[in-house]
Amino acid sequence: MSAALVTTAVGSYPKPDYLARARSQFSQGKLHREELEKLERQATEFWIRSQERLGLDVLVHGEMERGDMVAYFAGEPGGRTIEGMKLGGLVRSYGNRYYHKPVIFAKLGWPGPMTVEMWRYAQSLTDRPVKGMLTGPYTMVEWSFDEHYPSRRDAVLDMAKVIRREVEELVKAGARYVQIDEPAIHTRPRQDFDLAIEAMERVVEGIDCEFHTHICYGEVELIYPDMLRLPVKQIHLAFKNTNFEYLKLLEEHPFDSDKDLGVGVVDVHTHLMEPVAEVKDGIRRTLALLPPERVWILPDCGLKTRTVEEAEGKLRVMMDATREIKRELELD
Amino acid sequence: MQTTVAGSYPKIPNRPRPARLRQAIARRDRGEITPEELARAEDEVTIEVIQEQLEAGLDLIADGQVRWDDDQTHIARGLEGFEIGGLVRYFDTNTYYRQPAVSGPIGWPGPFLVRDYEFAAAHSAKPVKAMLTGPYTLAALSTDSHYGDRRRLVLDLAQALHQEALALAAAGAPFIQVNEPAIVHNKDDAPLLHEAITRMLDGVGTRTALHTWFADAAGMLPLLNDLPVDVIGLDFVWGPANWDALKAGPFTKDLGFGIVDARNTRMETADEIAAQIRRVAELVPAERLYVNPSCGLEYLPREVAFEKLKRMVEGVRRAEAVAV
């Protein structure tokens, strides 16, 4: 029987100040890559130790080497660039926030391992499993300009080949869990959902590994229960941000009995620290619908926009709440 | 044939040019400059984007909506009855806006776009059109805890925007464009749109346009023909079914022909654009055509947007040369 209420995190952690400074120096050509990588490893070790100390079961490496989950693979300084991608000019995302939107300018190709070295390093630091961490093909394409492919479908399916190749390398290196994030999957649910699922199938088909996917904010109600067709073992959603309203969706249409549900129990977009009792309440409400063996506990999303202290504080609340629930229910 | 933009212009250029507006907003947020200094930076950037449109060769200029956070909140903040809520996705883009929330009766406290129109007109050698988000789209992209009745909300918004349109006309605006992208995503509401636009533009007296984007108007062209506007803007890039809709006709308005992709950096060639113009000219006479990008240009980096406008103008020139 599998463990109850397994704890993990979604992906990113905040970068310590020294690393943020180093990344900025590196992008201005004032710091060597080896220096930057040394600091990335130092920060990765910090987060591995932090998660061990807090008691998480399945760890993430924290994405100290990544700025943005798409741009890292599309030409961001210090990143690993998929063939056929580059960074474009600045585009506004909202308010006064801008980002360099990636461009697909030629046929996509796998450039050699992009994430394996860092995964291997993180895993070498700990006996607990560390998840491989990738961005899904639909999101990679949806958040980029496409100057090359005649249709989104062509681009997404070629991107699936690239991501699959990377998954194969991660599994070869020993990864037991690979998380493939698709936060853009609800952009065009009516038109494109089948495409996103087909692409994910091509990424994971026949590979012996436990796959998870993270779907962020946005109109989750438009893609539930359709999302259950995703060929992954676990789907995690940002429950806390909507005060567990997604549970209504699960009441109306039961969650897939072959899948695990990842439940976001702390909001990553607020400085406020949730009281343990509030987090416990969310977990209890979830357990009214699903057995504890099929529920994983995590934050709503990556914690990179919080401070180091806030991120650790939120993980601590999450762990305390989970431990208390387990004790109360006499689980393991 | 007239060339123009369909909406916004990218607010900041890329390096080595300075991102003046971004810096000014950041400094205002940190309390390092006053709101008046920020307003001055907005004016400077407005002049800059007007210059770029003129340099690209456009005939009908817009102020670029440099001062607008997005198409919704800028209007909502100018009216009474709104609060501003959390971030939501704008249609199927990767751009977000703060969702206006109607919490009280909609009112018009006085002109909020007139000064900006006058400023733009004073800094443009070519005519400037004023831009408004329409009552239907504004209601569709807001939440409402006050009216509980879409029609009443839309019509109250139409009444408030009517006042603004009259003020713009009184200030000398020769052309008012109303943006209603939401209607092509909810076509069943065309009768409500008709009622609202009729109320909004009643007696305004300028030339008027209604623009849509991100989808086609197939099935609703007869209803759009009935609107009291001179120009209907359609997106032929993200709504290719507009071609068949237009062929099925009749189409009695002037056409805002959205043919340059304002959501992708792939560069159309001037010849490609010219070919599309010749194709559409078989359905709508050239003298009734406005050629413009598929939607606002803010989804593109500034330099790409500028290059696309130049090619669009060149495409029109080539299409006209063949026509003669």
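At what angle do the axes of helix α2 and helix α4 of chain B cross? In this predicted model, the crossing angle is roughly 50°. The two axes come within 10 Å. Helix α2(B) covers residues 35-56, and helix α4(B) covers residues 114-122. Angles of 65 to 115 degrees count as roughly perpendicular and those under 35 as roughly parallel. The crossing is right-handed. On the α2(B) side, the contact involves B:D43, B:T46, B:I47 and B:I50. These residues meet B:R115, B:F119 and B:A120 of α4(B). By class, the contact holds four nonpolar residues, one polar residue and two charged residues.

Chain B as a whole contains eleven helices and ten strands. The chain has 324 residues, so a compact globule would have a radius of gyration near 20 Å. The value for chain B is 19 Å, which agrees. The C-alpha trace spans about 55 × 50 × 35 Å along the principal axes of chain B. One cis peptide bond of chain B joins B:R15 and B:P16, with omega about 10°. B:P16 sits in the loop between β1 (2-3) and α1 (20-29) of chain B.

The axes of α8 (residues 276-287) and α9 (residues 308-329) of chain A come within 9 Å. They cross at roughly 55°. Helices α8(A) and α9(A) are therefore oblique to each other. Their crossing is right-handed. Helix α8(A) contributes A:V276, A:V279, A:K280, A:I283, A:R284 and A:L287 to the contact. Residues from α9(A) include A:V317, A:M318, A:A321, A:I325 and A:L329. Also among them are A:D320, A:T322, A:E324 and A:E328. The contact of α8(A) with α9(A) comprises nine nonpolar residues, one polar residue and five charged residues.

Next come the sheets of chain A. Seven strands of chain A form an open sheet with parallel pairing. Their order is β1-β10-β9-β8-β7-β6-β4. Strands β1 and β4 (132-135) of chain A stand at the edges. Each has a single partner strand, so one side of each is left without a neighbour in the sheet. Within this sheet, β6 (residues 177-181) of chain A runs parallel to β7(A), and three bridges join the two. One bridge partner pair is A:Q179 with A:H212, which lies in β7(A).

An open sheet of three strands in chain A has the order β2-β3-β5. Here the pairing is mixed. Strands β2 (83-94) and β5 (145-146) of chain A form the edges. Each of these edge strands has a single partner, so one of its sides is without a neighbour in the sheet. Strand β3 (residues 97-109) of chain A runs parallel to β5(A), joined by two bridges. A:V103 stands opposite A:F145 of β5(A). Helix α5 (residues 152-173) of chain A lies across β2, β3 and β5 of that chain. The angle between α5(A) and β3(A) is about 85°.

Two backbone details of chain A remain. The peptide bond from A:Y224 to A:P225 is cis, with omega near 5°. A:P225 belongs to the loop between β7 (210-215) and β8 (234-237) of chain A. A:L5 has a phi near 45°, a positive value in a residue other than glycine. A:L5 is found in the segment before β1 (6-7) of chain A.

Note on methods
Residues are numbered from 1 along each chain as its sequence is written. Chains are lettered from A and ligands numbered from 1 in the order in which they are written. This is a predicted model: local features need pLDDT of at least 70, side-chain atom pairs count only at pLDDT 80 or more; totals for chains, interfaces and linings use all residues. Side-chain values use heavy atoms; hydrogens and water are left out. Two strands pair if DSSP finds at least two bridges between them. Helices (H or I, at least four residues) and strands (E, at least two) are DSSP runs, numbered from the N terminus. Contact means heavy atoms within 4.5 Å. Axes are lines fitted to C-alpha atoms, for helices over the stretch in contact, and angles run from 0 to 180 degrees between N-to-C directions. Angles under 35 degrees count as roughly parallel, over 145 as roughly antiparallel, 65 to 115 as roughly perpendicular and the rest as oblique. A crossing is left-handed if the near helix is turned anticlockwise from the far one by less than a right angle, and right-handed if clockwise. Ala, Val, Leu, Ile, Met, Phe, Trp, Tyr, Cys and Pro count as nonpolar, Asp, Glu, Lys and Arg as charged, and the others, Gly among them, as polar. The radius of gyration is taken over C-alpha atoms; the globule rule is 2.2 Å times the number of residues to the power 0.38.
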